Amino acid sequence: FFVDTNAEKWGGYIDNFPILSPNELEHRRENEKQLILISVENSVNIQRELDKRGYHKNKDYFAVETDSYASYVKEFLRPYEQKFLIMGDCEFTTISMQDTRHDSLKEKLYRHYGKQNTKILAMHGMGLRAQYNIFHAQLLQGMKPECFVLMVNFDTLTGKQHLLPRSQHTELLEMLLNVQKHPTQEFREYVQLTRERSKNLQMEFFVGPEYSENLSDVKARNYLRLNYLYDLDVQSEGIQYLEKILDETAAEHIKILPFIPPVNYQLGKRLLGDEFSQRYESNLAKIRGVIQAHGATVLDLSYCLPSTLFATMVTPSETANDQGREKVASLLYDAVEEMG
């Protein structure tokens, strides 16, 4: 089962597993031994609460540890030949558990361009406001690239994505703030804003076992609607900071390649029919219009992968398998080469 402090989630389900309150966990603890896996980032507060309740780390509870923030900061500081700066979401680092080859898109790009020529800054759920501040900080450090490749991910442009606690990455931004010699006031203010946003209520999407329809289809349909088929507001924070990035690259005479990652359009059409195509194309046209208005051209990879090249046939996110990642990498190589 899952445990959450948010009372609005109690009684719900993730897959077929119930979501319980901390008090219910305590009640169960009286009758049987419980092992707790903390699978969220920045779990210090959860661990403190468990310690207060008499649980012991690495005996009663276990926390997933990651060095992703430290690795990001190391890459942020790493000197390179300043040929290619590549920034975006976790699709640069995510791999499918079913793959027999486990080199990520990031590793493929390093291998093709040479790590000495290339810097890749990728973090899951990171929106374009954060990308802009980090990109600007790179320039202030004297690391101006010849070519900037930027992933423009649909789900980071929704009206809610930039407000979700998991999208803030406050700890990472604080680390980046501390390693800069002369951080801007704008960077400082954004870090403070992420602290405030991290306190927001976060609702996930879950359903009960009463659904007669295939549960994976229910979840995939919800995911596609929420992350692709919303009505994109061109005045949203994400779009505004996309425009700031485009303006800054133009002012600095940096070649920029914004690209849209693949979508599992075959799954979308199966689950949502014409609604998927019409609403996806509407949002795509808005993004393309914004980018073209700033004198740049978008590389649209939306339909470059069939369902067979995603992690699974029913994967609603952009996560591709190795063959899919290879194709995306090849299309990026070609587009960058065409830029000269």
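**Cavities, a pocket and a helix pair**

The largest cavity is lined by 16 residues, with G127, L128, T156, H162 and E237 nearest its centre. Here a cavity is a set of points, on a 1 Å grid over the protein atoms alone, where a 1.4 Å probe fits but cannot get out, and lining residues have an atom within 4 Å of a point. This is a predicted model, in which local features need pLDDT of at least 70 and side-chain atom pairs count only at pLDDT 80 or more, while totals for chains, interfaces and linings use all residues. Residues are numbered from 1 along each chain as its sequence is written, and side-chain values use heavy atoms, leaving out hydrogens and water.

**The cavities**

- Searching the whole structure turns up 4 cavities of 30 Å³ or more.
- The largest cavity holds about 110 Å³ of space (a volume is the space filled by probe spheres set on grid points, which are joined across faces, edges and corners).
- Its lining draws at least two residues from each of α5 (128–140), α7 (185–197) and α9 (237–251); helices (H or I, at least four residues) and strands (E, at least two) are DSSP runs, numbered from the N terminus.
- That lining has 3 nonpolar, 10 polar and 3 charged residues (Ala, Val, Leu, Ile, Met, Phe, Trp, Tyr, Cys and Pro count as nonpolar, Asp, Glu, Lys and Arg as charged, and the others, Gly among them, as polar).
- The second largest cavity, of about 90 Å³, has L105, R325 and V328 among its lining residues.

**The second largest pocket**

- This pocket has a volume of about 340 Å³; a pocket is an open set with protein on both sides within 12 Å along at least five of seven lines.
- Of its 17 lining residues, S68, S71, Y72, T93 and K106 are the closest to its centre.
- Two or more lining residues come from each of α3 (68–77), α4 and β7 (118–122), and α3 gives the largest share, with 5 residues.

**Where α4 meets α12**

- Helix α4 (residues 105–113) packs against helix α12 (residues 322–339) at an angle of about 40°, their axes 10 Å apart (axes are lines fitted to C-alpha atoms, for helices over the stretch in contact, and angles run from 0 to 180 degrees between N-to-C directions).
- On the α4 side, the contact (heavy atoms within 4.5 Å) is made by L105, K108, L109, H112 and Y113, and on the α12 side its residues include R325, V328 and L332.
- By class, this contact has 8 nonpolar, 1 polar and 4 charged residues.
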